Amino acid sequence: MQIFKPSSTATLTAQKSVVNNLNFYYGSYQALKNIDMVVYEKQVTALIGPSGCGKSTFLRCFNRMHDLYPHNNYEGEIILYPDNENILSREVDPIEVRMRISMVFQKPNPFPKSIFENVAYGLRIRGVKRRSILEEKVENALRNAALWEEVKDRLGDLAFNLSGGQQQRLCIARALATDPEILLFDEPTSALDPIATASIEELISDLRNKVTILIVTHNMQQAARVSDYTAYMYMGELIEFGATDTIFIKPKNKKTEDYITGRFG
Amino acid sequence: MAMNHSDNLNEIRAIIAYHKRWDLLALIAGIVALMIAVLTFIALFGNMIIDGMPRLTWEFFTSFPSRKPEAAGILSAWVGTTLIMLVTAAAAVPLGVAAGVYLEEYAPKNLITEIIEINVTNLAGVPSIIYGLLALGLFVYELGLGQSILSAGLTLALLILPIVIVATREAIRSIPVSIREGAYALGATKWQTVADHVIPYSAPGILTGVIIGLARAIGETAPIITIGALTFIAFLPPSPIQDEFPFVSFEWLMEPFTVMPIQMFNWISRPQEAFQHNAAAAGLVLVVMTLLMNGLAIYLRYRLRKKIKW
Amino acid sequence: MATPETRSPKSLRHSYKRNLKERSIEMLLFLAAFFSVFITFAIIYLLISESFIFFEHVSIWEFLTDTQWTPLFDDAHYGILPLVSGTVVSSLVALVIALPFGTIIAIYLSEFAPFAVREIAKPFLELLGGIPTVVYGYFALLFVTPLLQTLLPELPGFSLLSAGLVMGIMIIPYVSSMTEDAMRSVPMHLREGSYAIGATRFQTAVKVVMPASLSGIAAAYILGISRAVGETMVVAIAAGMQPNLVWNPMEPAATITTYIVQVSLGDLPHGSIGYQTIFAAGLTLLLLTLVFNILGHLLRKRYREIY
């Protein structure tokens, strides 16, 4: 297992996070095996691989979602820069990790609240009470999520009334409102139609300069379209990692090539 | 992110520490509330054991009520309860299961079905004393059944009917369509499918509901008082099983009676402390009976959930 | 090729006998199901027809405004208010206990408790809910009242306070289990959305799970209220049975239900005005609980439709 240097176009970017020898267990079942990887700051990194390869499990390690359920175990480390802190360490509060590293899920999961309150939720949790600050941040987040124009006149409406694609962008706005250091996407378009998918992909491309993004997708074209780096996973292992161009044009590993070319997966 | 990174981080940590205090507080409140429920149960049970345990002798079960507290017992009460439960089960089970089967397997989606469904949920919320008034007017006077075991059994049957219906429906609903299709594919009629497959496979679930219903009926006091059954009963109804042909008799159905909770209520209302100890002893028997029945039902349900994976 | 005359064998044709049997079974089952509607009609008919005779003697105005309820005295008064006040006060005391405790327990079991605790606590609460009310009455009169009297020496032997307190304890399992059901029906991905932003368990419970299950929780509360209003034995045993227009829980009083019990304990001739009063009282009680029950079930239906 070796880490490939990024392609020439991205050499200037700093490391946001480094994964060292990560193992993960659901009870006695080992779901992730010895994973080493780098996440570059303000870049989009895609995790691809067949279903059940552990890519979502890997993603959910980054904000400690596994801590919510019993019998889950981490080994190894995920170092977050610039603090040089292992976020998997038992001393680190998972809540702090989640405040800094936010997540967007497979299925849009807006809360049964108004559009405004959905986006403001993360801010309210942080104790922000001033209406003017809330309004400003909510507007910013909605603009960044390319939803502002569509909803600015009905911020008080229930979020359930939005379309699927709008709901997903709302969830992205919700995650963006608190200025996360990393934004995790867990197959964010798998429950959406092609038009909504295109709008989310466009949004991710727009966001790449504002925030570090890690995205799980089982759609290889999507990975090729939106990401700067790609990691190919199989059976809980990281098979190959590198600049997206390299992975898709001349993968070094035979398994990656088979998957990319559709001979398997 | 205009803010300095480490400032921002310190702020986040302060907020988390603050929220964690609330989290801890909520956790403690939850545990304390649960503990209070446990303590209440211990107090209730302990209090009855202290007062009633010395009275729980063999004679207590084999004696009739008496003016002398130390000679009084619950013979007529537990016999009455047993006979009434027979009537209740005999009436509520067929009726409730049939209604549940109809609603789950046959009922078309129409207004009448909806009325029946709303009605069943509403009946479950009608206070039990209202059933007592119904029984007083209908069974005791209109139908002339008097203040008899039959009246009381039928009253309680009406009371637990919604429980049996709901349990039947839930049990039937858990049987997958594939089982029914399997039977239809072999040429079974609807009723054959229901009688040979649906009802037998949902029997444990139905049984659980019936037990919970009967446990509820055993402890019901108000509707029985309402039909006017608070009387001094120092005799047993004629036995259902006779020595001579035809060996069974239904004479007992029309006899006056007393039941466990009524006997207990009767003793509680006496000012003498000795009678209140009798009440505690009767209460203990009653609680153990209902706990055993409910416990059995919970156990059955638990086993059912573990065993069957359709 | 000559086509043979197509003819289904006799056994494959529709059998009228079989059809008849199927139809009659369906009819029988329908009658069983419809019987529940008949019960409701019987209740309503009986209460209304007996009350009707009652209201020929007593005007509805007197019934609703007179402040005394003494139908069995020589100087008979027929004002339902004393019974309503007793019912309201005892129910309020019960709800002050049952709603907060039930809710806290539900939040704990649904959002905080480890799996093992939940698996033990739920059946335990169910068992508590299955204890006969007459036993709770005994507990109220002979344990809680003396206990309260050590704290409040002026408390009489019968009081709405101790009856209400025990009634509240009795209703806790009922409220907590329905509230917990409502909260658990909130899908996990909604909780994850909240946790993923860094919310604590308590924040997730209060700001996401509870609002999402609001109609279910409201239904639990309303059915709890209906339960308290219709409860009979605890109040009959521990609150005394004198109709008393009071709003102070430290007093003895009668409720609508205990009045019915009190009359039934005596020997009232069928058809007398005293006999009819219990049906008028019963009708009042039914209307009260009916309002709560219908409201509760509508709310429950709503939250079931959302998820």
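Visitor: What should I know before we start?
Guide: This is a predicted model, in which local features need pLDDT of at least 70 and side-chain atom pairs count only at pLDDT 80 or more, while totals for chains, interfaces and linings use all residues. Residues are numbered from 1 along each chain as its sequence is written, chains are lettered from A and ligands numbered from 1 in written order, and side-chain values use heavy atoms, without hydrogens and water.

Visitor: Which residues belong to the domains of chain B?
Guide: Domain 1 covers 2–53 and domain 2 covers 56–307; such bounds come from an automatic or database domain assignment.

Visitor: How many residues of these two domains are in contact?
Guide: In chain B, 7 residues of domain 1 are in contact (heavy atoms within 4.5 Å) with 9 residues of domain 2.

Visitor: Now to chains C and B: how many residues take part in the contact?
Guide: Chain C supplies 71 residues and chain B supplies 78 residues. The buried area (accessible area, with a 1.4 Å probe, that two parts lose on being put together, summed over both) is about 6700 Å² between chain C and chain B.

Visitor: How many salt bridges are there between chain C and chain B?
Guide: The count is 1 salt bridge, where the term denotes a side-chain nitrogen of Lys or Arg within 4 Å of a carboxyl oxygen of Asp or Glu.

Visitor: Which residues form the salt bridge?
Guide: Glu126(C) pairs with Arg301(B), and their closest N and O atoms are 3.0 Å apart.
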